[in-house]
Amino acid sequence: MNKNNYAILMAGGVGSRFWPVSRADFPKQFHDMLGTGKSLLQSTFNRLEKSAPAENIFILTNADYADIVKQQLPNIEDRQIVLEPAVRNTAPCILLAVLKIQKENPNAQILVAPSDHWIEDETSFNSDIQAAFDATQRQEILMTLGIKPTFPNTGYGYIKAEQFHKSPIKQVERFTEKPNYETAKTFLADGNYFWNAGIFIWSVKAIVNAFKKHQPNMYSLFKKGLESFNTKDESFFLDSNYTQAENISIDYAILEHASNVHMLEASFDWSDLGTWGSLYEELPKDEHENVIINSQEILLNNAEGNIIRTSSKKLVVVDGLQNYIIVDHKDALVIVPKEKEQDIKQIRANAIKKFGKTYE
């Protein structure tokens, strides 16, 4: 395996749409959401170490989750855990990890991947990543993977790729944030729009130059800490300076401005496990299209298309419900129609506001 291959595993989110299982003190990436015996973090790490040496995979997470990461990935070194002292979206934390990697290996090729994706065909995933690594070695470009859309999803961002380019690697014409339903339908009809998977590949040189050009203030802020990165003084610099970084995503900060962004159409099935509904789509179902997680003693009558998850193997009785999310977790029971899955984030906020941070 190429020792210049690195990966940044993004594992700092709260996963509020998976409430009440995903909580601020133990979010979804640390749970076994798919029933595989591994957390999403562990599964993603195992997938990425087929593309980069295990010692070259950096975990980007919130400082509050350092101990959980060490428990779930006991074989990694402390240098591989990059801790954000404050929440500042993806651009600042990616720049921090990139500069740390650059200091360690200026020839690095870097894969950036979220911790909460479902990818079944890992052989095809690794093949696509290698093709992207090969492309970023040949020229100074920023690569992303696009997923061919199968329906007009309004929960994903979209990438418009150059339509008539014969190469599998196409120039990106523009990014579009989550569209409404009618717009998403026109994207599918157009044929050259792809779901934005949030998976990026670039050389350390290309992404650093992109930050210099498109985010000069942010780059200048972090440049002041270069000497301290990868030393015992790093945390002092970050505690004093990190909150000054703009709260902005890598998409808004870099990709929507750069002219050298290219896309490879992914050859694998993919799902962004961002909601209970997306989890429902990936798990096995009974003869009435119900998904049952954890419970082994079930009594269902006139119940179809539900996802039912309990925190223990308790008896579950459901009568007369179709297409519901039913989640029983410790101190909370949530029952919501699947069509309102996007409302769970706001329901969580309402519960915290009314009953306190116990439910955060």
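## Nonpolar cores

The largest nonpolar core has 50 residues, and those touching the most other members are Ile8, Val98, Ile110, Leu142, Trp202, Phe211 and Phe222. Helix H3, residues 90–104, is the top contributor to this core, with nine residues. The model is a predicted one.

Beyond its neighbours within four places in sequence, Ile110 contacts Tyr6, Ile8, Val98, Ile101, Phe133, Phe200, Ile201, Trp202 and Val204. Apart from this core lies another, of 42 residues, including Ile129, Leu145, Ala197 and Leu264.

## Helix H6 and its cover

Helix H6 spans residues 204–214. Its buried residues are Val204, Ala206, Ile207, Val208, Ala210 and Phe211. In an α-helix there are 3.6 residues a turn, so residues three or four places apart point the same way.

Which elements cover the buried residues of H6? Helices among them are H3, H7 (216–223) and H9 (250–255). Strands also take part, including S4 (109–114), S6 and S9 (193–203).

## Ile141, a loop residue

Ile141 sits in the loop between helix H4 (122–138) and strand S6 (142–147). Is Ile141 buried or exposed? Its relative accessible area is 4%, under the 20% cut-off, so Ile141 counts as buried.

Leaving out residues up to four places away in sequence, Ile141 touches Ala135, Thr136, Ile201, Trp202, Ala206, Asn260 and His262. Trp202 is among the core residues that touch the most other members. Asn4 is 137 residues from Ile141 along the chain, and their C-alpha atoms are separated by 17 Å.

## The ends of helix H5

Helix H5 covers residues 181–190. Asn180 caps its N-terminal end. A side-chain oxygen of Asn180 lies 3.3 Å from the backbone nitrogen of Glu182.

At the other end, Gly191 follows H5. The phi of Gly191 is positive, near 95 degrees.

## A four-stranded sheet

Four strands form an open sheet in the order S12-S14-S16-S17, with mixed pairing. Strand S12 (291–293) and strand S17 (332–337) are the edges, each pairing on one side only. From one strand to the next, the twist averages 5 degrees.

How many bridges join S16 to S17? There are six, and strand S16 (residues 324–329) runs antiparallel to S17. The bridge partner of His329 is Ala332, in S17.

Terms used
Residues numbered from 1 in each chain as written. Predicted model: local features only at pLDDT ≥ 70, side-chain atom pairs only at ≥ 80, totals over all residues. Heavy atoms only, no water. Helix = DSSP H or I, 4+ residues; strand = E, 2+ residues; numbered from the N terminus. Buried < 20%, exposed > 50% of the residue type's maximum accessible area, 1.4 Å probe, protein only. Contact = heavy atoms within 4.5 Å. Core = buried A, V, L, I, M, F, W, Y, C linked by side-chain atoms within 4.5 Å. Polar contact = N/O pair within 3.5 Å; in protein donor to acceptor, adjacent residues only side chain to side chain. Pairing = 2+ DSSP bridges. Axes fitted to C-alpha atoms, helices over the stretch in contact; angles between N-to-C directions.
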